Amino acid sequence: MDRGNNNYTERIITDKNEGCKPKEIINTHVNIAGIEMKNPVTTASGTFGSGMEYGEFVDLSRLGAVTTKGVANVPWPGNPTPRIAETYGGMINAIGLQNPGIDTFISRDIPYLKQYDTKIIVNVCGRTVEDYVDVVTRLAETDVDMLEINISCPNVKEGGIAFGTNAKAIEHITSEIKKCAKQPVIMKLSPNVTDITEMARAAESGGADALSLINTITGMKIDINRRCFAVANKTGGLSGPAIRPVAVRMVYQVRHAVKLPIIGMGGIACAEDALEFIMAGASMVAVGTANFNNPTATVEIIDGIEEFMKKNGVKDIKELFGCVE
Amino acid sequence: MKRSKTLCKIISKDYLTDDIVSIRFESPDIAASAVAGQFVSVYTDSSSELLPRPISICDVEPDKGLVRIVFRIVGKGTAMFSEKKEGDYLQIIGPLGNGYSEAVASLPDNSNVIITGGGIGIPPMLGLAKSLNNGDLCDNKNCKINVVLGYRDILFLNEEFEQYGNVYIASEDGKHGTKGNVIDAIMSGKTGNNASDEENTSTVNPGIDINNIDAIFACGPMPMLRGIKSFAEEHNIEAWISLEEKMACGIGACLACVCNSTDVDSHSMVHNKRICKDGPVFNAKEVDI
């Protein structure tokens, strides 16, 4: 396999015993809302920065897309520390969407990512509809590929989840963003709701092009030795393998509720996990907390998906999309 | 060549106290490139404890390709590492972070420095004392090294510091050296060796002449570092401190382990610096702790 060549639309898998003779051709390309990606693996927002730090560990050109940490119209300082705590099979975070603001993002982070042969999905956060519109308008002038709208962060008091847990608010903010967005709009849904399909339908009515799910599940951890909350924010977002079955279930439900393509995420740590999401109905997956456990997790998952396809005679990844009815 | 987790073979493991463990592992790359004050991320083999444990590098032996870490068993992850045996492997990424190289480069020749560590902040200072003594981080600036170590009760590593400078000790219970904290020890100059302290009683052992100190290097609990920062400001001494915070990625991406910075940081664009990437060593003036 030639890892260096990223221009192939189809990767040629050769059998070691047969030298360079192509044995089978597999297609891992996916298309989300008109954006073609070389494979169905991206990063979950907030776990990968803008890729710079992980660039030491991963050839970013191998990723289908890089989804950046949420960016707002102005710099945000985030929450007090401690911002994270480990939990069984996962972690709780309350970073509070610290970000350098859209100006720095446009002048520094986008040019960095443009060096690589990968798609750029920019996660957008805000406190008011106007904040989101502001960022989306600025991004309209840039060369990024898609926008992922964070209406589901559990760690900021205003904006974020306040939009993501109310169907009317989701429809409204989606339609306002669609009015000014030049790139396809992915709405990122919160699992902290009674019925996620209601939120998915609201985003669809508002004109969303795709959905990301799930964001973290609101949780709490107590430090029994110090008799206090483990993160300064008291509550935080639970992520990691502990939440995966919840996420797979929600992807499955949403896929039957709306026609929009789904980027599935929530505790994906290996190729088998990613394939669960794909078979449940996701067209793409995002790797988050696993990056902390293993900075090369994303490429290992891409390799693992290809290996699975090869082993099981799957020629096109699309054959697996929602194959479990 | 991209970096990745590496399996490093454990060459030796010793308990320095009931709960403080010293492990030497093989890693020619880390041994060759690490500078004092940097750390390694150590990963558990468990699928439940997912986050790396940042552990400071205590010492390196580049000729043998060995790295030494000394850590306290404080939770599940460190307990798992402590249960490893010689010949077992640790999953490691490192070296990470910014060590003391900038701090040392800023020292004048023939400078007189204090290296101070409190509790489990002591181990990285051994590597710094050795580097300064050997001139590893600079063209032998001929430093005079005063080592001040603060303990709760049981001593560890103190004897290993003696080859690099005068060692002064503070203990909370007063059993060793000065009763109190490292600043009390800096001011009183007790060595912790009770016999020689009694013998020397101020006339022979001059202690530390604080007016002659060019820099303080410190690692330890936050109250100690706050104390060192204000002590240094009061005496107009440069201070370099090593911070810690709960980390997730360990490489500067997740923004979990931030500290407040005095000025707007050029990366974050807010008053936050990343301890894992911009630190863990900071000039005390850079950070608001």
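In what order do the 8 strands of the open sheet in chain A lie? In this predicted model, the order is 5-18-17-12-11-10-9-6, and the pairing is parallel. Strands of a sheet pair through backbone hydrogen bonds, and the pairing can be parallel or antiparallel.

Two strands stand at the edges of this sheet in chain A: strand 5, residues 41-43, and strand 6, residues 65-67. Each has a single partner strand, so one side of each is left without a neighbour in the sheet. Neighbouring strands are also turned against each other, by 25 degrees on average when direction is ignored.

One pairing within the sheet can be followed in detail. Strand 12 of chain A covers residues 210-213, and strand 17 of chain A covers residues 262-265. The two run parallel and are joined by 3 bridges. Here A:S212 stands opposite A:I263, a residue of strand 17. A helix also packs on the sheet: helix 9 of chain A, residues 297-311. Helix 9 touches strand 5 and strand 18 (284-287) of chain A. The direction of helix 9 makes about 165 degrees with that of strand 5 of chain A.

Chain A holds 9 helices and 18 strands. Its radius of gyration is 19 Å, close to the 20 Å that the globule rule gives for 325 residues, so chain A is as compact as a globular protein of that length. The C-alpha atoms of chain A fill a box of roughly 60 × 50 × 40 Å along the principal axes. Of the 325 residues, 57% count as buried.

Chain B is described here through its domains. The domain assignment gives domain 1 (6-96), domain 2 (101-241) and domain 3 (243-289) of chain B. The centres of domain 1 and domain 3 of chain B, taken over C-alpha atoms, are separated by 23 Å. Domain 1 of chain B gives 8 residues to the contact, and domain 3 of chain B gives 7 residues. On the domain 1 side, strand 3 (39-43) and strand 6 (89-96) of chain B each supply at least two residues.

Notes
Residues are numbered from 1 along each chain as its sequence is written. Chains are lettered from A and ligands numbered from 1 in the order in which they are written. This is a predicted model: local features need pLDDT of at least 70, side-chain atom pairs count only at pLDDT 80 or more; totals for chains, interfaces and linings use all residues. Helices (H or I, at least four residues) and strands (E, at least two) are DSSP runs, numbered from the N terminus. The radius of gyration is taken over C-alpha atoms; the globule rule is 2.2 Å times the number of residues to the power 0.38. A residue is buried if 20 or more other C-beta atoms lie within 10 Å of its own, exposed if 12 or fewer, and partly exposed in between; C-beta atoms are placed from the backbone. Two strands pair if DSSP finds at least two bridges between them. Axes are lines fitted to C-alpha atoms, for helices over the stretch in contact, and angles run from 0 to 180 degrees between N-to-C directions. Two residues are in contact if their C-beta atoms, placed from the backbone, lie within 7 Å. Domain bounds come from an automatic or database domain assignment.
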